[in-house]
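Visitor: I have a chain on screen and would like a guided tour. Can we take it by question and answer?

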Amino acid sequence: MANDNRKVLAGIDGSSISNAVADYAAWIASRVNAPLKLLHNLEHREPVMVADLSGNIGFGSREHLLEELTELEAKRSKIMLEQGKLLLSNATDRVSAFGVSDILACQRHGSLTETLVELEEEIRVLVLGIRGEDHAEQPGRLGNHLETVLRSLHRPILVVNGEFETPQRIMLAYDGSQAACRALELLTSSPLFTGMVCHLVYVGDDVEKGREILQKGENALAGADIEVVQANLHGIPDQELLAYQQQHGIQMQVMGSFGHSRWREMLLGSFTLKMLGQARVPLLLLR
């Protein structure tokens, strides 16, 4: 996250977690001195077909019904547009409290993934809720578009899953892989993590290998204003990391995402999705 003109982009919708998304995005923007863009995306929905509602009524009635449905669809679109404007207005007021002055609010139409891919070049960090408005009351379930967005974009993405808390203790799941090293580079180069405590955590059966990997990671962080705590754990990775988060009051996790092939993930499951489904703190994911 070197200093540039790219923006912190926050996905705003009507979900209960939307306020926390705005808060985390504003916190990041203020820490790295970047512009903040609030995005409300309107998904296209298929209109209800007349045949689904009309049954065997006459042609004239079907034609009248089509006109009514067209009017209803136009009214619904207008209401959704106005609702989005209100959400963006409230979010703008909210993020201003973090001292962010360079704020842009916008609405887009179409697929969320397609919208974000189009905007990718201007994104510095993307902040999204773990689930959208449609699944707000379904804990443990990921949003419909989340995995597709994570796989499509090559930008740091913060996935928010709870109320905002200013992070002071973060955890980096570090195994020496390319994805983990990219996360480590982010810690050393970004002002976002200045002054924090970073728990560098390795999970594996080889104690000596873990010790070597962790020491290399700590050495790489030597030049950053970050206090490092090493943890060499053994067991099932996602379970150990989740338990460590809870035991040590970790407030944010940083990790590389989707580090294995799709074929291996089909056989063994995606570690990234497991962590997203179980974690109780926001995850900053890098590819």
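Visitor: Not counting residues up to four places away in sequence, which residues does leucine 9 touch?
Guide: This is a predicted model. Leucine 9 is found in strand S1. Not counting residues up to four places away in sequence, leucine 9 touches Lys37, Leu39, Leu116, Leu119, Ile123, Val125, Leu126 and Val127.

Visitor: Is leucine 9 buried or exposed?
Guide: The cut-off for buried is under 20% relative accessible area. Leucine 9 has 2% relative accessibility, so leucine 9 counts as buried.

Visitor: How far apart in space are leucine 9 and alanine 26, C-alpha to C-alpha?
Guide: Along the sequence, leucine 9 and alanine 26 are 17 residues apart. In space, C-alpha to C-alpha, the separation is 9.5 Å.

Visitor: Which residues of helix H4 are buried, and which are exposed on the other side?
Guide: Helix H4 covers residues 112-119. Its buried residues are Leu112, Thr113, Thr115, Leu116 and Leu119. They fall within an arc of 160° seen down the axis of H4, so they line one face of the helix. On the other side of H4, the exposed residues are Glu114 and Glu118.

Visitor: What covers the buried residues of H4?
Guide: Strands and a helix are both included in the cover. The strands include S1 (7-11), S2, S3 (103-109) and S4 (123-129). The helix included is H5.

Visitor: Which residue caps the N-terminal end of H4?
Guide: Look for a side-chain oxygen 3.3 Å from the backbone nitrogen of threonine 113. That oxygen belongs to serine 111.

Visitor: Where is leucine 146, and what is its relative accessibility?
Guide: Leucine 146 sits in helix H5. Leucine 146 counts as buried because its relative accessibility is 4%.

Visitor: Leu276 is in helix H10. Which residues of H10 are buried, and what do they pack against?
Guide: In H10 (residues 271-278), Thr272, Met275 and Leu276 are buried. Their arc around the axis is only 100°, which puts them on the same side of H10. They pack against helix H5 (146-152), strand S5 (157-160), helix H8 (237-248), strand S9 (252-256) and strand S10 (283-286).

Visitor: Which side chain makes a polar contact with that of histidine 40?
Guide: Histidine 40 lies in strand S2 (residues 36-42). Histidine 40 counts as buried because its relative accessibility is 7%. Leaving aside neighbours within four places in sequence, its contacts include Ile12, Asp13, Met80 and Cys106. The polar contact is 3.3 Å, and the partner is glutamine 107.

Visitor: What separates the C-alpha atoms of tryptophan 27 and phenylalanine 98?
Guide: Tryptophan 27 is in helix H1 (residues 18-32), and it counts as buried at 6% relative accessibility. Leaving aside neighbours within four places in sequence, tryptophan 27 is in contact with Phe98, Phe164, Thr166, Pro167, Leu192, Met196 and Met252. Tryptophan 27 and phenylalanine 98 are 71 residues apart along the chain, yet their C-alpha atoms are separated by 6.6 Å.

Visitor: What is phi of asparagine 33 near?
Guide: Asparagine 33 is in the loop between H1 and S2. Asparagine 33 is exposed, with a relative accessible area of 64%. Its phi is positive in a residue other than glycine, near 55°.

Visitor: How many cavities of 30 Å³ or more are found, and what classes line the largest cavity?
Guide: The search of the whole structure finds one. The largest cavity holds about 30 Å³ of space. Its lining is Leu150, Leu153, Arg155, Ile157, Ser257, Leu285, Leu286 and Arg287. By class, that is five nonpolar, one polar and two charged residues.

Visitor: What percentage of the chain's residues count as buried?
Guide: The chain has ten helices and ten strands. Among contacts between residues at least 6 apart in sequence, 78% join residues at least 24 apart. Of the 287 residues, the buried share is 45%.

Terms used:
Residues are numbered from 1 along each chain as its sequence is written. This is a predicted model: local features need pLDDT of at least 70, side-chain atom pairs count only at pLDDT 80 or more; totals for chains, interfaces and linings use all residues. Side-chain values use heavy atoms; hydrogens and water are left out. Helices (H or I, at least four residues) and strands (E, at least two) are DSSP runs, numbered from the N terminus. Buried means under 20% relative accessible area, exposed over 50%, partly exposed in between (1.4 Å probe, protein chains only). A polar contact is a pair of N or O atoms within 3.5 Å; within protein, one must be able to donate a hydrogen and the other to accept it, and residues adjacent in sequence count only if both atoms are side-chain atoms. Contact means heavy atoms within 4.5 Å. On a 1 Å grid over the protein atoms alone, a cavity is a set of points where a 1.4 Å probe fits but cannot get out, and a pocket is an open set with protein on both sides within 12 Å along at least five of seven lines; lining residues have an atom within 4 Å of a point. Grid points are joined across faces, edges and corners, and a volume is the space filled by probe spheres set on the points. Ala, Val, Leu, Ile, Met, Phe, Trp, Tyr, Cys and Pro count as nonpolar, Asp, Glu, Lys and Arg as charged, and the others, Gly among them, as polar. The arc is that of the directions from the helix axis to the C-beta atoms.
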